[in-house]
Amino acid sequence: MHLFIGIKQESQALLNENESHHLAKVLRLKVGDTVLFTEGKGEMFLAKILQVHPKNTLLQITEKTDYNQSRNYRLHVGIAPTKNIDRTEWFLEKAIEIGIDEVSFLETFHSERRNLKLDRMQRVATAAIKQSLKAENTQLHDLIKFSDFIAKYDGFQGQKFIAHCNSDFARKDIKNCITPQGDYLFLIGPEGDFSAEEIKLAMAQNFTPISLGNQRMRTETAALSTAFIANWVNK
């Protein structure tokens, strides 16, 4: 059954132009057809199509489903976008399938990419949410300078980690310091890694420097591994 994201209005739901176009022109669904609906706030509903329009389709909510994909932890990953944006999109898609709440895009000293089309990333995220039948939206944050990001999350109350490969700094094995049912913030650098100054800045703001294992990973692989780790430790 197809899932659509929109705005709930009491017992009805309104789909925006993108969702309406997909329903009407791509899937060619009709009045009376049953679909799944979510606002992206953790609840999922069965609904019947009341009115088909390529710009604003109307649904009638019939019942709440027994949605049970909720998690007992929150995950936020800050990642330096890759030069080949397809690799970052791959990470985003797969991380959403596993479970991730927020993604921030970082501009670092060694960044390969210093511009980003956030609307394109949002389309990738929306498609992944619908494909994997998620009822929670993943919040995306536009490109931000590393130092500004560190300052922004100075008061973050969960566990903060910075993954890097610089042997001049002591690192902890992630499996020995992450605790279950937590609120996690991971920083993943570009192919050239974080600079020494960036690592020092993060450590000064109580980010724990970590290793994700003995294997050297590409940016998107390292970022995706944090989603696996958070999921695994909370099983």
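This is a predicted model: local features need pLDDT of at least 70, side-chain atom pairs count only at pLDDT 80 or more; totals for chains, interfaces and linings use all residues.
Trainee: Which domains does the assignment give for the protein chain, and what distance separates their centres?
Mentor: Domain bounds come from an automatic or database domain assignment. That assignment gives domain 1 (3-64) and domain 2 (73-234). Taken over C-alpha atoms, the centres of domain 1 and domain 2 are separated by 32 Å.

Trainee: How many residues of each domain are in contact, and what area do the domains bury between them?
Mentor: Contact means heavy atoms within 4.5 Å, and by that rule 13 residues of domain 1 meet 8 residues of domain 2. Buried area is the accessible area (1.4 Å probe) that two parts lose on being put together, summed over both. Of the area between domain 1 and domain 2, 61% is on carbon and sulfur atoms, and the area is about 760 Å².

Trainee: What is the volume of the largest pocket?
Mentor: On a 1 Å grid over the protein atoms alone, a pocket is an open set of points where a 1.4 Å probe fits, with protein on both sides within 12 Å along at least five of seven lines; a cavity is a set from which the probe cannot get out, and lining residues have an atom within 4 Å of a point. Grid points are joined across faces, edges and corners, and a volume is the space filled by probe spheres set on the points. For the largest pocket that volume is about 590 Å³.

Trainee: Which element gives the largest share of the lining of the largest pocket?
Mentor: Helices (H or I, at least four residues) and strands (E, at least two) are DSSP runs, numbered from the N terminus. Strand 1 (3-5), helix 1 (17-26) and helix 3 (118-131) each supply at least two lining residues, and domain 1 and domain 2 each give at least three. The largest share, 8 residues, comes from helix 3.

Trainee: How do the residues of that lining of the largest pocket divide by class?
Mentor: Ala, Val, Leu, Ile, Met, Phe, Trp, Tyr, Cys and Pro count as nonpolar, Asp, Glu, Lys and Arg as charged, and the others, Gly among them, as polar. The lining has 24 residues, with Asn18, Glu19, Thr126, Ala127 and Lys130 nearest the centre of the pocket. They divide into 11 nonpolar, 9 polar and 4 charged.

Trainee: Which elements give two or more residues to the lining of the second largest pocket?
Mentor: The second largest pocket holds about 330 Å³ of space. Its lining has 20 residues, and His164, Cys165, Arg216, Met217 and Ala222 lie nearest its centre. The elements giving two or more residues are strand 13 (208-211) and helix 6 (219-233).

Trainee: What is the volume of the largest cavity?
Mentor: A search of the whole structure finds 1 cavity of 30 Å³ or more. Among the residues that line the largest cavity are Gln69, Arg71, Lys134 and Glu136, and by class the lining has 2 nonpolar, 4 polar and 3 charged residues. The volume is about 80 Å³.

Trainee: Why does threonine 108 count as buried?
Mentor: Threonine 108 is found in the loop between strand 8 (102-107) and helix 3. Leaving aside neighbours within four places in sequence, its contacts are Ala80, Arg114, Phe146, Pro190, Phe194 and Glu198. Buried means under 20% relative accessible area, exposed over 50%, and partly exposed in between (1.4 Å probe, protein chains only). Threonine 108 counts as buried because its relative accessibility is 2%.

Trainee: What is the phi of aspartate 193?
Mentor: Aspartate 193 lies in the loop between strand 12 (183-188) and helix 5 (196-204), and is buried, with a relative accessible area of 12%. Its phi is positive in a residue other than glycine, near 70°.

Notes:
Residues are numbered from 1 along each chain as its sequence is written. Side-chain values use heavy atoms; hydrogens and water are left out.
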